[in-house]
Amino acid sequence: MLIYTLKRALLGLLVALTVSILTFGLLHLSSDPAVTLAGEDATEEDIQQIRVNYGFDKPLPVQYWVWLTKALQGDLGTSFYFGVPVSQLLAERLPVTLTLGICSLFFAIMFAVPLGVLAAMRPNTWLDRVCLTLAVSAQAMPSFWFGLMLIVLFCLWFPLLPVSGSDTWQHFVMPVIVVGTYAMPAIMRLTRTGMLDVLATDYIRTARAKGLRPRTVLLKHALRNAVIPVIAVIGVQAGYMLGGSVIVETIFALNGVGLLAYESIIYFDLACMEAVVLLLCLVFITTTFAADILNAWLDPRIRIK
Amino acid sequence: MFKKLFKKKFVLSALVMSMAFVLSVQSAYAGKKNDTLTFASRGALGNVDKSFNTSRTGMIVQRLFTDGLLYTDPVTMEIKPALAASWKWINAKLLEFELRRGVKFHDGSEMTADDVVYTLRYVADPAVKTKGSYIKKIDRVEKLAPYKVRIHLKTPYPMMVNRLAGGVSIYKKGSYEKNGPLSQNLNPNGTGPYRLIKILDGKGFIFERFEDYYKESPKGQPAIRKIVVRIIKEINTQVAEVLSGGVDWIYQVPSDIADSLTSNPRVTVKTAPSMRIKFLRMDAAGRTGDDSPFKKLKVRQAVNHAVNREAIVKQLVKGSSKVIHSACKPIQFGCTEDVKRYEYSPEKARQLLKAAGYPDGFETKLYSFLDRPILETIMNDLAMVGIKVTLDYSTWPSLVSALGKDKVPLTYHGWGSSSLPDVDAILPFFFKLNAQDLSRDPEVNGLIKAGGSSSDPDIRLKNYNRALKLIAERAYWLPLFSDTMNYIHSNDLEFVSPQDGLPRLFLTKWKK
């Protein structure tokens, strides 16, 4: 288990390093940061001065090395647009994104797993089809449209919830529904497939033959094994959710990392963009790593492979 | 039995309590009832000091909590004394200001000449990277008396009065010492009608009426107790907020949305002019290569004939938008529409292209970051005469970067002139013989410089008019239209629509 954990951790580090190199290179090549920083009225001399001041005149690998060594010490630079340290910006905005991500994940699991189990219990019946239709509809619905429809429903037709902001828990209700709904189909369908496979196995037949209650067979014996592939998918979905949703945070004016990503692209805030991408990458690596470890712990065959 | 009943009761009461909680949701920023005006803005604001930001939100916010020496009336566009009681030109390079007495900063201290001298010296310092180079035209600022200052300019610059009326705030002496450009974010202290009491980390700002605001201010006395600015990027969310009463006032509303809400009884829709114009610029100087088709006058003229501007204005921009023929907003000083005009004629465009050696048209790239539907219409119009355009749709920084690398043959652009009613706020920027200048015409540049450096209005007019006529004759631009500004606000609100597209929210009040 230890060797497996170390291998996965090393792989995660390599992925983080590769992503950071690619992000840094692409961002610096896509646009001249000195021109952007200099502003509209800048002269050629101003731009050159900024290149020297910020070290943009140095070769790209040197710039990357300087950035990486500082980033490893927690210094992600200063936001060009907001004028404050990027780490401060991330610290301010991360709680909103984490709240949204964690609540959405719970929301998704809370509905998707029971629906998946229900569908598996009655395969190819109207219940299964309803669940399948729900899954396909949720997957096909664009977050942007769904968010606006919820606003129309709960803020204009039945004014029960505030439209936007992040001050109270009510502000998170609609965003959580939107983000959670998007994550539900994958979890639900995988739960259904896993359950169908497990329910057809011999040990389940044995458990039933022993006279165990259907609920015990289903929840204690079947679900525990069916959930293994679901955990891997939840790991990936958690990455999406905890990384912040640009669209949902923009629609509901949630001041999170997703909105910061959008703002930093609009204002070409290089330091912010680099930090946000790095953060997203680390979130994905961490959640996938956690899912891998959990899977290995639940199923020893994975470790041996 | 008891267990079941308990369960049922618990579930029921939990449901009732949650419903009551949800129903008790009140916007933290209510309207007339709480004497709080909430407005939504799409742009985040990094720095509240206008000398260090160029956003429209910044311009609105700055006018709430700070005052300048002068002030532009939003209806008459007349320049009025604000912190200055009076001003006069001593000569073409020297301005003298008599300051108002008894003006208080928000910290309670009195504003004197020391504060004016300190602020202007700081922002005029070449080492301080302010937004907008006009302020660097100040050579030095001297204090003549406790309430009298003089501003010495490096070269004659008559527009300095408009600039001072348009965005140079006065802060307390020593303000910038500790935190430099970010000082007002950390310790806001202006002389404006509202005090900036809280910055909500990227979410907005809260202002409170300044009770000691000087009575003689041309801005009048603030009527509403509190103003809250909320940053909401998505326009549809803004509209939902204003319809549900969470926000009282929004601006920069697209015309199609404004049109759809004109008959809605919940809100008031207003359309007013904006100083912003939109235009196409062509690589007449051949910066993208010697074979650039836009080097040929006939090609540029063909582009001018090819685009149906009337249709764009009528079908897409709407509101108070109008077709323009010159490289400026017609109400700006120095602007003339008496220039060579190019009527919409695809046939003429095709003939010109043929005469220029492009009988089958050519392919080119259009760079922009704005107004996608308008861009697609323009591209379609150009395709009709044989100019096949591919779109490079990105952000403003990417466009600036591409311009710096001489990669831009054609660009669609907008310019708001910082809401200043003078062509000096637009022409020098685009005809400066630098990376932004796609025509690089020394004659046009010389005329604009001459117009900008004379204090004689006749000389200014003559030079600017000549420059604009040349720009039109040589078809460096395709001027498209003047933009419109749509506002939607609560029916409880009295809002003065500005002529320059820059809302003065300190003038708003609740209807009685």
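# Notes on a predicted two-chain model

1. Two residues are in contact here if their C-beta atoms, placed from the backbone, lie within 7 Å.

2. A word on conventions before going on. This is a predicted model, in which local features need pLDDT of at least 70 and side-chain atom pairs count only at pLDDT 80 or more, while totals for chains, interfaces and linings use all residues. Residues are numbered from 1 along each chain as its sequence is written, and chains are lettered from A and ligands numbered from 1 in the order in which they are written.

3. Chain A has 14 helices and zero strands. Its C-alpha trace spans about 85 × 55 × 30 Å along the principal axes. Of the 305 residues in chain A, 42% are buried. A residue is buried if 20 or more other C-beta atoms lie within 10 Å of its own, exposed if 12 or fewer, and partly exposed in between, with C-beta atoms placed from the backbone. Among contacts in chain A with a separation of 6 or more, 73% join residues 24 or more positions apart.

4. On confidence, chain A averages a pLDDT of 85, and 95% of the residues score at least 70. pLDDT is the predictor's confidence in each residue, from 0 to 100. Among the elements of chain A, H7(A) has the highest mean pLDDT (93) and helix H14 (residues 300-304) the lowest (69).

5. H7(A) also turns up where the chains meet. There, 32 residues of chain A are in contact with 34 residues of chain B. H2, helix H7 (143-157), helix H11 (246-251) and helix H12 (257-266) of chain A give two or more residues each to the side that touches chain B, and the largest share, four residues, is from H7(A). By class, this side of chain A has 17 nonpolar, nine polar and six charged residues.

6. The largest nonpolar core has 185 residues, and A:Ile187, A:Val276 and B:Leu427 touch the most other members. Such a core is a set of buried Ala, Val, Leu, Ile, Met, Phe, Trp, Tyr and Cys residues joined through C-beta atoms within 7 Å. This core draws at least three residues from each of domain 1 and domain 2 of chain A. Apart from it lies another core, of 36 residues, including B:Phe105 and B:Tyr171.

7. In chain B, take a look at B:Val242, in helix H7 (residues 235-244). Why does B:Val242 count as buried? Because B:Val242 has 26 C-beta neighbours inside 10 Å. Leaving aside neighbours within four places in sequence, B:Val242 is in contact with B:Val247, B:Ile250, B:Val267 and B:Ile488. B:Val267 is 25 residues from B:Val242 in sequence and 7.6 Å away in space, C-alpha to C-alpha.

8. A:Asn124, not a glycine, has a positive phi of about 60 degrees; A:Asn124 lies in the loop between helix H5 (86-121) and helix H6 (126-140) of chain A. B:Ser419 has a positive phi near 65 degrees and lies in the loop between strand E16 (410-415) and H14 of chain B. Which of the two is buried and which exposed? A:Asn124 is exposed, with 9 other C-beta atoms within 10 Å, whereas B:Ser419 is buried, with 23 C-beta neighbours inside 10 Å.

How values were computed:
Domains from an automatic or database assignment. Nonpolar A, V, L, I, M, F, W, Y, C, P; charged D, E, K, R; others polar.
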